Amino acid sequence: MTSSLTPLTQLAAWQALEAHHPKVRNLQLRKLFADDPGRGERMKAEAAGIYLDYSKHLVTDDTLALLLRLAEESGLRARIEAMFQGQRINVTENRAVLHVALRAPRGDVITVDGTDVVPQVHAVLDRMARFALQVRGGTWLGHTGRPVRNIVNIGIGGSDLGPVMAFEALRHYCQRDLTFRFVSNVDGTDFQEATWDLDPEETLFIVSSKTFTTLETMTNAGTAREWALARMKDPAAVARHFVAVSTNAEAVARFGIDTANMFEFWDWVGGRYSMTSAIGLSTMVAIGPEQFRAMLDGFHELDEHFRTAPFERNLPVLMALLAIWYGNFAGARTVAVLPYDQYLKRFPAYLQQLTMESNGKRVTLDGAEVAYQTSAVYWGEPGTNGQHSFYQLLHQGTQLVPCDFIAFGQSLNPLGRHHDVLMANVFAQAEALAFGKTANEVQAEGVPAWLVPHRTFPGNRPSSMLLLERLTPAALGKLVALYEHSVFTQGTILRLDSFDQWGVELGKALAGRILPELESRAPAPAAHDSSTNALVRRYLAGRR
């Protein structure tokens, strides 16, 4: 995409949506369903084992037709093909964007600069599988000859959020005689709490950093090395208790890790899109190579659906278009992701990075400042916990918050009536948000007049329902790919580079300037603004 493309707000479909919105501003879901009894059966899409009900959205058939036209006019189909063909669509970093190659089957051909990358991907996956089987089978021995029983993943951002989310989501499939911990925060408490009850002689650290220079990751890795050697003394122990996921063999070797135990990935793998690369090594150790490959197959199935399905039946495209509708025409600023499965407790946190780091931008691909809203703020918690927390705001607050409900027809842990209770709640919450409870209905229940306003629910709160059969590794892959491609679709339409993250750089650079002052206990006179200078002095005074 280049500056030669028509600016978004000048597209005919965008202007048509602007003209259309006043006509539907006062839509009422009660009336839409009353006028169209089949709406709930009609406004749905199904693919790759995911059933999407989007009937409870504040849209008409005309709205959807205009949104689909917007996707076409934005060049979405060509942009999808460009990504799958390995073109350098990450323009600010001049990189291809090929997380889809990480889950391509053997024999597929996906090229970057004339080289088929699929054989490279599977070579790394095979090495990962051999390593995972050794650890799971107890044949990977530590420096003192004892099998490794504890695995600690050290990373940050995509090198942490993907692995920890996948571990929690797929805990049901994990090998239970292995202990898994995850360290990301440079706050020493994170490392301390993750390792306090572990035996160094039975602990393996997976250090995940593309450059092997990330400050937080390498600070934690250095502490891990000190922690291990405090018990085992011999620096040679590092080679048996640390492996690396990186591209920087020289830095890995300098740390003391045998480069034979370095698992590589490539510059066309973005951090927040990397959980199916070697960054997922801890996931493979936890669930085993066979289940990991099942997860990859789930990703690939949704990838192919996204690449080939007509937009009107394309799950990621439909979700993306609805997000753009609410963000730019209905005034919504946040989206709540509400998984009704305890295993998905970290899924909203994972989506925060995926969505907001990808599309939290204020300029277009060609550097022009946008004149519209880009990414919403994504947040959420598992149901039913959230119902006793923030659902009050969803139902009766003043903000419009579109919701994504995620639920599964079968529980992995069937206990009595638990799953029926859970599913009754998810269906009821979507119904209550959509249709509410009028003052007349409350009065008819004999509620005192003074209490009626407090017990009235305005309804008309939109939501999507995503239903799957069971939370399997394949299902998790499909869900993640669904949101990946929805984010990509939004970025394409909004004219953004969804694959860079320059917004994280300034804070890191400034921290690099402040850190020497804190470590030397000598604040630089007037090195910063008066507030920062005062805070540095106060911190140093407290340290003394």
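This is a predicted model: local features need pLDDT of at least 70, side-chain atom pairs count only at pLDDT 80 or more; totals for chains, interfaces and linings use all residues.
Which helix gives the largest share of its lining? That's α20, with 4 residues. Helix α20 spans 505–520, and α7 (158–169), α9 (215–232) and α15 (347–359) also supply at least two lining residues each. The space in this pocket comes to about 1000 Å³. In total, 41 residues line the largest pocket, and nearest its centre you'll find Thr214, Gln501, Val504, Glu505 and Lys508.

Next, the second largest pocket, with about 410 Å³ of space. Its lining has 16 residues, and those nearest the centre are Asp341, Gln342, Tyr343, Ser411 and Leu422. Here helix α17, residues 418–435, brings the largest share, 3 residues. By class, this lining has 8 polar, 4 nonpolar and 4 charged residues.

Finally, the cavities. How many of 30 Å³ or more does a search of the whole structure find? The search turns up 1. The volume of the largest cavity is about 50 Å³. Its lining includes Leu102, Val121, Val124, Leu125 and Met128, along with Trp266 and Ala278. Glu264, Thr276 and Ser277 line the cavity too. Counted by class, that makes 7 nonpolar, 2 polar and 1 charged.

Key:
Residues are numbered from 1 along each chain as its sequence is written. Side-chain values use heavy atoms; hydrogens and water are left out. On a 1 Å grid over the protein atoms alone, a cavity is a set of points where a 1.4 Å probe fits but cannot get out, and a pocket is an open set with protein on both sides within 12 Å along at least five of seven lines; lining residues have an atom within 4 Å of a point. Grid points are joined across faces, edges and corners, and a volume is the space filled by probe spheres set on the points. Ala, Val, Leu, Ile, Met, Phe, Trp, Tyr, Cys and Pro count as nonpolar, Asp, Glu, Lys and Arg as charged, and the others, Gly among them, as polar.
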